[in-house]
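Hi,

Here is the structure I promised to pass on. Please open it first, then read my notes below.

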Amino acid sequence: MSAVAQPPALPVTFRPTVTRIVLLTVGAALVVVLTAIGLLLENLSPGEQASFILTGLLFFAGLALFSRPKVVADEAGVTVVNLITTRRLEWAEVLRVNLRPGDAWVHLDLADGTSLPAMGIQVGVAKARAIDDARALRVLAEHHGTGGGTS
């Protein structure tokens with residue numbers, strides 16, 4: 001049984017905030033450190049200095065990509081943003097919201113028989129938050145669509 005009695009107010013965005021903060025902070029620190037190293041080493045050519053800066057920016061871009069996932073629920077449905085894909089679903093398409101023991105993130109069972117990972121609700125660093133978010137999304141799916149129970 002769900003611990004969330006009433007669905008949260010819409011629109012609502014679920015994302016792994018702590019993970020996002022850590023990834024973007026580490027990415028920014030890498031850019032600063034690699035830029036400083038590239039500029040402070042006197043025996044480097046301008047091309048080598050630029051390669052240090054570019055390497056920092058590439059690391060930041062990769063970490064920013066990993067911080068992208070989120071799940072946005074509104075009156076019409078849910079938008080799942082994963083690493084490189086975004087998928088918009090109507091509430092009727094979401095049959096079940098699953099976060100089973102051992103799962104890294106929520107999976108949505110869809111009306112077409114497929115399952116969609118929703119990486120915006122991931123266990124990672126904040127397990128209790130992920131469980132609460134999964135319950136809230138489950139209540140929303142049950143309230144707005146044809147969503148049934150959970151596994």
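Start with the record. The unreviewed UniProt entry carries the annotation "transmembrane region" for residues 21–41 and 47–66. Keep in mind that the model you are looking at is predicted.

What does the chain do over these spans? Residues 21–41 are 95% helix and 0% strand.

Next, the pockets. Rolling a probe the size of a water molecule over the atoms shows where empty space is left. The largest pocket has a volume of about 190 Å³. Its lining is made up of 11 residues. Nearest the centre are Leu99, Arg100, Pro101, Lys127 and Ile131. Sorted by class, the lining holds 5 nonpolar, 2 polar and 4 charged residues.

Last, have a look at Asp112. Where is it found? Asp112 sits in the loop that links β6 (105–110) to β7 (115–122). Is Asp112 buried or exposed? Its relative accessible area is 52%. The cut-off for exposed is over 50%, so Asp112 counts as exposed.

Asp112 also has a partner within reach of its side chain: a polar contact joins it to the side chain of Thr114, at 2.5 Å. Now find Leu95. Along the chain, Leu95 and Asp112 are 17 residues apart.

Best wishes

Methods
Residues numbered from 1 in each chain as written. Predicted model: local features only at pLDDT ≥ 70, side-chain atom pairs only at ≥ 80, totals over all residues. Heavy atoms only, no water. UniProt positions renumbered as here; feature names shortened; annotations may be inferred. Helix = DSSP H or I, 4+ residues; strand = E, 2+ residues; numbered from the N terminus. 1 Å grid on protein atoms, 1.4 Å probe; cavity = no way out; pocket = protein on both sides within 12 Å on 5 of 7 lines; lining within 4 Å. Points joined across faces, edges and corners; volume = space filled by probe spheres on them. Nonpolar A, V, L, I, M, F, W, Y, C, P; charged D, E, K, R; others polar. Buried < 20%, exposed > 50% of the residue type's maximum accessible area, 1.4 Å probe, protein only. Polar contact = N/O pair within 3.5 Å; in protein donor to acceptor, adjacent residues only side chain to side chain.
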